[in-house]
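This report is for a reader new to the structure. Please look at the model first.

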Amino acid sequence: MNGKQLYRMRAPASGREAIAPAEPGQIYRDRETGEVHAVGGEYREVVRPTRLVYTWCWQGDGGPHPGHTSIVSVEFHADGDHTTLVLEHSGLASEDSRRRHGEGWKGALDNLARRIFAAGE
(Lines give C-alpha, C1' and ligand atoms only; values in the text may rest on other atoms or scores of the structure.)
Protein backbone atom coordinates (compact mmCIF):
# COMPACT_ATOMS: atom_id res chain seq x y z
CA MET A 1 0.00 0.00 0.00
CA ASN A 2 3.04 2.29 -0.14
CA GLY A 3 2.58 3.26 3.52
CA LYS A 4 -0.60 5.25 2.86
CA GLN A 5 -3.44 5.11 5.34
CA LEU A 6 -6.83 3.94 4.12
CA TYR A 7 -10.12 5.26 5.43
CA ARG A 8 -12.83 2.63 5.70
CA MET A 9 -16.52 3.39 6.25
CA ARG A 10 -19.24 0.83 6.80
CA ALA A 11 -22.94 1.71 6.97
CA PRO A 12 -24.53 0.10 10.04
CA ALA A 13 -27.89 -0.76 8.45
CA SER A 14 -26.84 -2.00 5.00
CA GLY A 15 -23.27 -3.12 5.69
CA ARG A 16 -22.08 -1.32 2.55
CA GLU A 17 -18.51 -0.13 2.60
CA ALA A 18 -16.22 2.46 1.08
CA ILE A 19 -12.43 2.33 1.21
CA ALA A 20 -10.14 5.07 -0.07
CA PRO A 21 -6.75 6.63 0.64
CA ALA A 22 -7.13 9.12 3.51
CA GLU A 23 -5.47 12.05 1.80
CA PRO A 24 -6.88 15.52 1.03
CA GLY A 25 -8.28 15.64 -2.49
CA GLN A 26 -8.88 11.88 -2.71
CA ILE A 27 -12.32 10.76 -3.85
CA TYR A 28 -14.35 8.01 -2.20
CA ARG A 29 -17.43 6.36 -3.65
CA ASP A 30 -19.89 3.86 -2.26
CA ARG A 31 -22.78 2.08 -3.94
CA GLU A 32 -25.54 0.36 -1.97
CA THR A 33 -26.10 -3.23 -2.94
CA GLY A 34 -29.18 -3.61 -5.14
CA GLU A 35 -29.91 0.12 -5.34
CA VAL A 36 -28.71 2.96 -7.49
CA HIS A 37 -27.95 5.23 -4.53
CA ALA A 38 -24.34 6.29 -4.57
CA VAL A 39 -22.54 8.56 -2.15
CA GLY A 40 -19.28 10.29 -2.84
CA GLY A 41 -17.14 13.08 -1.56
CA GLU A 42 -13.71 14.55 -1.20
CA TYR A 43 -11.36 14.62 1.76
CA ARG A 44 -10.90 18.24 2.78
CA GLU A 45 -8.63 17.84 5.79
CA VAL A 46 -6.60 14.92 7.14
CA VAL A 47 -4.67 15.70 10.32
CA ARG A 48 -3.40 12.40 11.69
CA PRO A 49 -4.36 11.29 14.27
CA THR A 50 -6.73 14.03 15.42
CA ARG A 51 -9.04 15.26 12.64
CA LEU A 52 -10.73 14.15 9.42
CA VAL A 53 -13.02 16.38 7.32
CA TYR A 54 -14.75 15.31 4.12
CA THR A 55 -17.72 16.18 1.94
CA TRP A 56 -20.77 13.92 1.67
CA CYS A 57 -22.95 14.00 -1.44
CA TRP A 58 -25.64 11.61 -2.65
CA GLN A 59 -25.13 11.17 -6.38
CA GLY A 60 -27.48 10.23 -9.20
CA ASP A 61 -31.22 10.79 -9.35
CA GLY A 62 -32.22 8.03 -6.93
CA GLY A 63 -30.64 9.27 -3.70
CA PRO A 64 -32.02 11.74 -1.20
CA HIS A 65 -31.27 15.36 -2.17
CA PRO A 66 -29.05 14.42 -5.14
CA GLY A 67 -26.22 16.86 -5.71
CA HIS A 68 -26.51 18.49 -2.26
CA THR A 69 -23.15 18.48 -0.47
CA SER A 70 -22.73 18.43 3.29
CA ILE A 71 -19.61 18.33 5.46
CA VAL A 72 -18.57 15.62 7.95
CA SER A 73 -15.87 16.36 10.51
CA VAL A 74 -14.51 13.83 12.99
CA GLU A 75 -12.14 14.80 15.79
CA PHE A 76 -10.31 12.62 18.28
CA HIS A 77 -9.27 14.14 21.63
CA ALA A 78 -6.96 12.32 24.04
CA ASP A 79 -8.37 12.16 27.57
CA GLY A 80 -5.98 10.21 29.79
CA ASP A 81 -6.36 6.54 28.89
CA HIS A 82 -9.44 7.31 26.80
CA THR A 83 -10.27 9.09 23.57
CA THR A 84 -13.26 11.35 23.02
CA LEU A 85 -14.70 11.28 19.50
CA VAL A 86 -16.54 14.39 18.27
CA LEU A 87 -18.53 13.99 15.06
CA GLU A 88 -20.36 16.81 13.26
CA HIS A 89 -22.32 16.41 10.03
CA SER A 90 -23.31 19.92 8.94
CA GLY A 91 -25.15 21.48 6.04
CA LEU A 92 -27.77 18.75 5.62
CA ALA A 93 -30.58 19.58 3.20
CA SER A 94 -33.64 19.09 5.42
CA GLU A 95 -34.87 18.19 8.89
CA ASP A 96 -35.69 14.69 7.64
CA SER A 97 -32.15 14.33 6.27
CA ARG A 98 -30.74 15.50 9.62
CA ARG A 99 -32.85 12.94 11.48
CA ARG A 100 -31.98 10.06 9.13
CA HIS A 101 -28.25 10.84 9.10
CA GLY A 102 -28.37 11.16 12.90
CA GLU A 103 -29.84 7.66 13.11
CA GLY A 104 -27.15 6.36 10.74
CA TRP A 105 -24.31 7.97 12.69
CA LYS A 106 -25.75 6.66 15.98
CA GLY A 107 -25.75 3.15 14.51
CA ALA A 108 -22.19 3.55 13.25
CA LEU A 109 -20.92 4.82 16.60
CA ASP A 110 -22.81 2.12 18.51
CA ASN A 111 -21.17 -0.47 16.23
CA LEU A 112 -17.75 1.10 16.88
CA ALA A 113 -18.34 0.97 20.65
CA ARG A 114 -19.35 -2.71 20.45
CA ARG A 115 -16.15 -3.52 18.57
CA ILE A 116 -13.88 -1.54 20.86
CA PHE A 117 -15.41 -2.74 24.11
CA ALA A 118 -16.10 -6.33 23.03
CA ALA A 119 -13.32 -7.51 25.31
CA GLY A 120 -15.38 -6.32 28.29
CA GLU A 121 -13.76 -3.06 29.34
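## Basis of the model

This is a predicted model, in which local features need pLDDT of at least 70 and side-chain atom pairs count only at pLDDT 80 or more, while totals for chains, interfaces and linings use all residues. Residues are numbered from 1 along each chain as its sequence is written, and side-chain values use heavy atoms, leaving out hydrogens and water.

## The chain as a whole

The protein chain has one helix and seven strands, in the order β-β-β-β-β-β-β-α from the N terminus. Helices (H or I, at least four residues) and strands (E, at least two) are DSSP runs, numbered from the N terminus.

Of its 121 residues, 28% count as buried. Buried means under 20% relative accessible area and exposed over 50%, with partly exposed in between (1.4 Å probe, protein chains only).

## Helix α1

Helix α1 comprises residues 95-116. Its buried residues are S97, H101, W105 and G107.

The face turned away from the buried side carries the exposed residues E95, K106 and R114. The cover over the buried residues includes β5 (51-59), β6 and β7 (82-90).

## S73 in strand β6

S73 lies in strand β6, residues 69-79. S73 is buried, at a relative accessible area of 12%. Leaving aside residues up to four places away in sequence, S73 touches R51, L52, V53, V86, L87 and E88, where contact means heavy atoms within 4.5 Å.

Conventions: The expected span of a helix is 1.5 Å times one less than its number of residues.
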